[in-house]
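Colleague: Could you take me closely through a single part of this model, the sheet and the helices that lie across it, and then say how that part relates to the ligand?

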Amino acid sequence: MLADSSQPRLAIAASSFQTLDLDLALELDLPIITKNPRAYDFLLRYTAQGLGLEPVDGRSGAVRVDFAAGKARHRRVFGGGKGQQIAKAVGVQGSVRPSVLDLTAGLGGDAFVLAGLGCQLNLAERQPVVRALLADGLARGELDIDVGEVVAAMVLQKGDALSTMASWQGVAPQVIYLDPMFPHTGKSAQVKKEMALFRQLVGNDKGADALLTPALALASHRVVVKRPRIAPDLDQHKPTYRLEGKVNRFDIYVNQSFQR
Ligand SMILES: C[S@@+](CC[C@H](N)C(=O)[O-])C[C@H]1O[C@@H](n2cnc3c(N)ncnc32)[C@H](O)[C@@H]1O
């Protein structure tokens, strides 16, 4: 899986969930290890809390997707609902709850916020380890009494962004949402553990520019691009308008207005 030798070395730590270990090893083409973890940079491990990815040097804890707890729960309960910029950016307003195709799903944080507001989500994620963490979080989330219904509105598609768009069948998504990685400019010590992990596994999403034209051709109503405030426009394409936040901005490319 990891063709580039600068990529971190990964393995699956054998757990008591043997079938899950085996399925994951096949899916990601990674070894299952019972000893010598120091030969690797990161271990994937199943525990009762689900699938986690942990740095072998112990400098931070495991990253896992948990829609029912932590940051996701906090934002759902206290996060500002329809007033959030992301909600305005995709067009949540009055009774409008657009269908959204999130083509750079990552660990599903933004998608979960939108699903929590009542949008139907389709997701694509191309990095296989990130995808496995997301798939595990979705499977557990769907069984949760508090967030099960919200998580059930998030459907992870098989391919990457381009193949998902190319093979799209039926009614077009009203909104396509893009949040590609962007070269980090701040102090690395301030990078949160999730972001630090992303930077190592995903790097910078080269090729993100190529997503905009097909997205504009597929989305019936708008394409929304999340960017760091200082980043240039995706594909040097000026949006219809922007919503600016402290750190990020949302660039909105309008194809058609929503009927309220
Ligand atoms: C900044 S993260 C997204 C974070 C996400 N919005 C969240 O809230 O968790 C960008 C993600 O997009 C994925 N990605 C980049 N290009 C992609 C593509 N062409 N197809 C699918 N996923 C892609 C990367 O692997 C990475 O996980």
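Modeller: Helices (H or I, at least four residues) and strands (E, at least two) are DSSP runs, numbered from the N terminus. Residues are numbered from 1 along each chain as its sequence is written. This is a predicted model, in which local features need pLDDT of at least 70 and side-chain atom pairs count only at pLDDT 80 or more, while totals for chains, interfaces and linings use all residues.

The sheet is open and mixed in its pairing, with seven strands in the order E7-E6-E5-E8-E9-E11-E10, where two strands pair if DSSP finds at least two bridges between them. Its edge strands, E7 (154-156) and E10 (241-244), each pair on one side only, and from one strand to the next the twist averages 20°. Strand E6 (residues 121-123) pairs with E7 in the parallel sense over three bridges, and Leu123 has Leu156 in E7 as its bridge partner.

Helix H4 lies across E5 (100-102), E6, E7 and E8 (175-178), at about 165° to E6, whereas helix H9 (residues 209-218) lies across E8, E9 (222-228) and E11 (248-254), at about 160° to E8. Here contact means C-beta atoms, placed from the backbone, within 7 Å; axes are lines fitted to C-alpha atoms, for helices over the stretch in contact, and angles run from 0 to 180 degrees between N-to-C directions.

As for the ligand, H4 (109-116) and H7 (161-166) each supply at least two residues of the shell around it. Of the 21 residues around the ligand, Thr104, Gly106, Gly109, Arg126 and Ala161 come nearest, a residue being near if its C-beta atom, placed from the backbone, lies within 6 Å.

Key. Two residues are in contact if their C-beta atoms, placed from the backbone, lie within 7 Å.
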